[in-house]
Amino acid sequence: MKILVVHELFLPDFAGGGEKLVYETARNLQKAGHEVRVVTTGDSAVAYFESIPTFRVKRNRYLFNFSFWTIAKHAKWADLIQTSTYNACFPSWAVAKLFRKPIACLIMSYWGEEWGRMRPGITGTISKLFERFTLHRHFDANIFLSDFSKSFALGSGMPNKNMVVINPGVETSLYKPLPKENIILFSGRFAKQKGVYDVLKVAALLPQFKFVMMGWGEEEVCLRKEAPANVTFLNKSIKDGKEFFERYSTASVFFLPSYGETFGFVLVEAMAAGCAVVSTIPLGFKGALVEKGNVQQMAAEISRLMENKTLSRTYGTENSRLARQYTWENYTTKLIEEYERLLRKKA
């Protein structure tokens, strides 16, 4: 197959887990013997990332919606277009309809009414309307990364058309359990939707425990100002290698009070590292599934796990086993099967 991958950013440009997912999609499709091209934003002089050919338009990622002709130029070559949320999917959809090409959309985010919480006022309303306009198109496949993400989208009004769930992979071999320290870890983007201010509230309720917030993002300055004394910040990501992985490996409890995820890569990373997990995201981990925004419940569950070392270690061991099901090989096999189905349907 000839597969055109369209996403608003591509490595080495990086803004979060979405770029990692698109890279692994392209890399593993190529590894499986398929031809792959990537259309994205960035420096047009960067013609390859590793062995993956890239065609970059010098444009802000949010203006990628106006890249119809760039995408169209390469779509003629492709058997199928693989796009993703948010700023790549509408122009890719329009190109696919023009050339009658099958198109699959990776639903990396769907927030629905949560936009009002994340972006109060007119900004949130515009974001919600833009989401509906772009994602309520007729894609040949809407690929969700988890059952709970699909359920949330359906409950938020997304049409029940061509939906399929394919869990992504995680390099679980990079995350190995080490002797645990008395640390509660948050890892990810410092953004409101990740529940970062709930982390501070819970930390204030549990001054006897040490919290580490590892990541980056737009809320960092405010978080540092408001954080109680038992919260430490680390500007680390997967690109930092050993120190990043070891921080997971030595944490006793991983805490993600997010208001919405399509999958939760950080949860699988923490599971692989042998952490007990406290989160609002129902990924099937061992620990405690808590209610969004309920900081009293979160604090009680974290305290329970931190005070019962035998229980938290047992949960961590089981989580490490559960994490092994999330492989890029499984993801790629199911993705290719879906592509082949779409091509048969179009034939």
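Contact here means heavy atoms within 4.5 Å. The model is predicted, so local features need pLDDT of at least 70 and side-chain atom pairs count only at pLDDT 80 or more, while totals for chains, interfaces and linings use all residues. Residues are numbered from 1 along each chain as its sequence is written, and side-chain values use heavy atoms, with hydrogens and water left out.

T250 lies in helix α9 (residues 242-250); helices (H or I, at least four residues) and strands (E, at least two) are DSSP runs, numbered from the N terminus. With a relative accessible area of 13%, T250 is buried, where buried means under 20% relative accessible area, exposed over 50% and partly exposed in between (1.4 Å probe, protein chains only). Leaving aside neighbours within four places in sequence, T250 is in contact with L178, P179, K180 and E181.

Y248 and F254 are, with F211 and M213, the residues with the most contacts inside the largest nonpolar core, which has 86 residues. Such a core is a set of buried Ala, Val, Leu, Ile, Met, Phe, Trp, Tyr and Cys residues joined through side-chain atoms within 4.5 Å. Helix α10 supplies the largest share of this core, seven residues. Another core, of 31 residues, lies apart from it and has A78, I81, Y86 and F144 among its members. In soluble globular proteins, nonpolar side chains tend to be buried together.

An open sheet is formed by six strands in the order β11-β10-β9-β12-β13-β14, with parallel pairing; two strands pair if DSSP finds at least two bridges between them. Strands β11 (231-234) and β14 (287-289) stand at the edges with a single partner strand each, so one side of each has no neighbour in the sheet. Strands β12 (residues 251-256) and β13 (residues 276-279) run parallel and are joined by four bridges. In this pair, F254 stands opposite V277 in β13. Helix α10 (residues 265-272) packs on the sheet and touches β9 (181-189), β12 and β13, its direction making about 165° with that of β12. Axes are lines fitted to C-alpha atoms, for helices over the stretch in contact, and angles run from 0 to 180 degrees between N-to-C directions.

The axes of helix α1 (residues 17-31) and helix α13 (residues 328-346) come within 10 Å and cross at roughly 75°. The two helices α1 and α13 are therefore roughly perpendicular (65 to 115 degrees; under 35 counts as roughly parallel, over 145 as roughly antiparallel and the rest as oblique). Among the residues making the contact are L21 and L29 of α1 and W328 and Y339 of α13.
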